[in-house]
There are 2 protein chains.
Amino acid sequence: MTEQSQSQGKNLILRDASTALSMTQDQVMRKLKNNELGRLSIDDFKSTKKTPIIIVLDNIRSLNNIGSVFRTSDAFLIEKIYLCGITATPPHKDIHKTALGSTDTVAWEYAEDTIELIEKLKVDGVKICAIEQVESATMLNNFEVENNTKYALVFGNEVKGVQQTVVDASDTVIEIPQYGTKHSLNISVSCGVVVWDIFSKLKPMNS
Amino acid sequence: MTEQSQSQGKNLILRDASTALSMTQDQVMRKLKNNELGRLSIDDFKSTKKTPIIIVLDNIRSLNNIGSVFRTSDAFLIEKIYLCGITATPPHKDIHKTALGSTDTVAWEYAEDTIELIEKLKVDGVKICAIEQVESATMLNNFEVENNTKYALVFGNEVKGVQQTVVDASDTVIEIPQYGTKHSLNISVSCGVVVWDIFSKLKPMNS
């Protein structure tokens, strides 16, 4: 056990609900300092077991969105991000603005052709889930995860969405149900929503 | 029934899973055009029953984040957004860039003092949930919603988070569990994650 993970363990114990019950209200509601959050170091991140989720960015235009996907992927220990087609790659100052260093932790690779990548991932047994609005999409709340399965979540261009050919090559299509006037959510928000939902279903978490 | 909601009804029928089963794979995976998504008109949005969630933005600095919260709020029929302290208000071209018109649908109001607003909401019976990292926070996955309860979700400044005095005045604190190296998620991503999670728990949705 490294010094880092020891201090993380202590922190988790300190934050245990039963300990909290014996605290006064003021102590309980105290905001945690950054060094009390028990976050991983870059080295610990690299060696930590990852969530069986891969993210595929299919021709994402916005550098802010790319950076934000990195930041979300760091938080949920995403295995790898594939940056496809026109999607820019780190290092880039506008990716850094929203990634805030998470390009140094999350594994990533550039792939020119999204279809070729997907076919390769399928050979490796990865289940391909395009996040799109199609006729028979599975609504996110109804999507059930399977044990011992690795998922690739494909997010598409801000205007055009996931390419139809990529949708056709996917194993399933997941849609975030939406009830208002706009056609879609921002892609970095969509990524957060879908990753959180599937992460929660994959991994029973402790309080 | 308006013409809009009639066409929405037809669209929902068209997308029924049993209909989809009789389609060929190509038809089933066909991406939907914007006019097939059954989205509401602005007028229909105004009169539609809202989700019992209010969003409170406590001193948000980034105009992109504010706009993105509007877009997410449109998608999940959020009742109202309160823009507090230094949080900028529409109309503003940099809010519009990410809100994409949702400032015309989602109800909003400026409140100078977040604490005063929270005390007023509490008098109205609204349950105040700060989204923060505190000693005894309830992890989002463990947060249970109550029936017939309206929630105000308070999101804080990009650097400082929700003010300690606002945390102290809240009924409960919800934390998004995070496992990587970074201290927090982007605020528009956090908003998407928490709104989706609570929305899913509040409202049993159809496929």
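A salt bridge here is a side-chain nitrogen of Lys or Arg within 4 Å of a carboxyl oxygen of Asp or Glu. By this rule there are 18 salt bridges over all chains. The model is predicted, so local features need pLDDT of at least 70 and side-chain atom pairs count only at pLDDT 80 or more, while totals for chains, interfaces and linings use all residues. Residues are numbered from 1 along each chain as its sequence is written, chains are lettered from A and ligands numbered from 1 in the order in which they are written, and side-chain values use heavy atoms, with hydrogens and water left out.

**Stop 1: a salt bridge between chains**

Select Lys31(B) and Glu132(A), which form a salt bridge with the closest N and O atoms 3.9 Å apart. Lys31(B) sits in the loop between helix H3 (25–28) and helix H4 (42–47) of chain B, and Glu132(A) in the loop between strand S4 (127–131) and strand S5 (138–139) of chain A. Helices (H or I, at least four residues) and strands (E, at least two) are DSSP runs, numbered from the N terminus.

**Stop 2: the sheet of chain B**

Show the strands of chain B: seven of them form an open sheet in the order S3-S2-S1-S6-S4-S7-S5, with parallel pairing. Two strands pair if DSSP finds at least two bridges between them. Strands S3 (108–111) and S5 (138–139) are at the edges with a single partner strand each, so one side of each has no neighbour in the sheet. Next, select S1 (residues 51–58) and S2 (residues 78–84) of chain B, a parallel pair with six bridges. Val56(B) has Tyr82(B) in S2(B) as its bridge partner.

**Stop 3: H5 and H9 of chain B**

Select residues 63–75 (H5) and 187–202 (H9) of chain B; these helices pack at about 15 degrees with axes 9 Å apart. The axes are lines fitted to C-alpha atoms, for helices over the stretch in contact, and angles run from 0 to 180 degrees between N-to-C directions. H5(B) is therefore roughly parallel to H9(B) (angles under 35 degrees count as roughly parallel, over 145 as roughly antiparallel, 65 to 115 as roughly perpendicular and the rest as oblique). Asn65(B), Ser68(B), Val69(B) and Thr72(B) of H5(B) meet Ile187(B), Ser188(B), Cys191(B) and Gly192(B) of H9(B), where contact means heavy atoms within 4.5 Å.

**Stop 4: H9 against H9**
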